[in-house]
Amino acid sequence: MVDTATPRRTTNRGPGRLLIAVYILFAIAATSRALLQIVTKFDEAPVAYALSAVAALIYIVAAIGLARAGHAGRRLALVCCSVELVGVVVVGILSLADKALFPDETVWSQFGSGYGYIPLLLPLLGLVWLYRTRPTTP
Amino acid sequence: MTVAAATGSPVDGLLATASIVLSLLLAVWSLVSAMRNRPPDRWQLIGLGVLELLLLALAVVALVAIAGGDRPGEPGAFFGYLVTLVCLPPLAAVLARMEPTRWGSAIVCAVCLVTPVVVVRLQQTWEVLGG
């Protein structure tokens with residue numbers, strides 16, 4: 001009973017691994033973009049570039065949390081997905097309301113439209129996946 | 001034979017087209033595998049290897065052009081996409097090997113759908129200023 005249930009209850013197997021793949025993808029994309037923006041032209045749009053870096057960090061930590069599974073990993077992933085969801089919604093609204101605040105695109109601008117709205121979808125999928133794999137209360 | 005002779009853009013030519021086509025073929029193949037509940041097979045991994053070689057060649061062509069004095073329209077974004085691009089097939093291969101289920105094939109499919117998009121973005125970020 002326990003043996004068959006174990007793979008279902010861990011975040012780093014099956015569909016979870018696909019989710020981790022997409023998180024790593026965004027971690028690489030956001031990190032390389034943020035690093036180059038900060039190194040080459042931080043003064044042009046400090047808010048946008050700092051935000052890119054924060055987003056990049058969150059993708060990295062979320063991927064680690066999902067991959068490590070376990071109790072601490074799940075909590076880490078939960079925090080990251082939540083922050084990510086709030087971030088993409090708030091930044092999405094702000095970037096539409098006040099263009100001057102984000103003169104250059106970030107991963108989360110316009111709800112991630114530059115990335116096929118995947119930044120908006122990803123934290124939702126993450127939260128659903130964490131819920132689906134939630135530990136059964138003893 | 002120069003790959004980029006037609007447009008002057010080093011990332012728009014035979015190599016780019018070949019990698020897009022191969023990537024889409026791999027995406028279809030791995031989607032079929034995932035739908036048939038099959039783990040990633042040898043052909044998916046070989047395909048990812050060939051794709052990586054094509055992308056590395058594309059990156060070398062781009063870097064040679066830059067060393068020769070050409071400049072992409074948006075250098076920051078261009079290098080970001082270039083770094084991401086060459087990481088994609090190895091990422092798919094490693095995760096697919098770790099996940100010997102249908103979801104491994106799904107990972108290959110997802111990455112192979114992203115790759116053509118990144119190649120096209122690479123071309124766009126080169127041409128912003130040059131036109």
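**Reading loops and folds in a predicted model**

Ala69(A) sits in the loop between α3 (46–68) and α4 (70–97) of chain A.

Me: How do I tell whether Ala69(A) is buried, exposed or partly exposed?

Reply: Count the C-beta neighbours: 20 or more within 10 Å is buried, 12 or fewer is exposed, and in between is partly exposed. Ala69(A) has 17 inside 10 Å, so it counts as partly exposed.

Me: Where in chain A does Tyr117(A) lie, and what is its phi near?

Reply: Tyr117(A) is in the loop between α4 and α5 (118–132) of chain A. Its phi is near 60°, again positive in a residue other than glycine. With 14 C-beta neighbours inside 10 Å, Tyr117(A) counts as partly exposed.

Me: Over to chain B. How many helices and strands does it have?

Reply: Start with the elements, then go to overall dimensions. Chain B has 4 helices and 0 strands, running α-α-α-α from the N terminus. Its radius of gyration is 15 Å, close to the 14 Å that the globule rule gives for 131 residues, so chain B is as compact as a globular protein of that length. The C-alpha trace spans about 50 × 30 × 20 Å along its principal axes.

Me: What percentage of the residues in chain B is buried?

Reply: Buried residues are 44% of the 131 in chain B. As for contacts between residues at least 6 apart in sequence, 79% of those in chain B join residues at least 24 apart.

Technical notes
Residues are numbered from 1 along each chain as its sequence is written. Chains are lettered from A and ligands numbered from 1 in the order in which they are written. This is a predicted model: local features need pLDDT of at least 70, side-chain atom pairs count only at pLDDT 80 or more; totals for chains, interfaces and linings use all residues. Helices (H or I, at least four residues) and strands (E, at least two) are DSSP runs, numbered from the N terminus. The radius of gyration is taken over C-alpha atoms; the globule rule is 2.2 Å times the number of residues to the power 0.38. Two residues are in contact if their C-beta atoms, placed from the backbone, lie within 7 Å.
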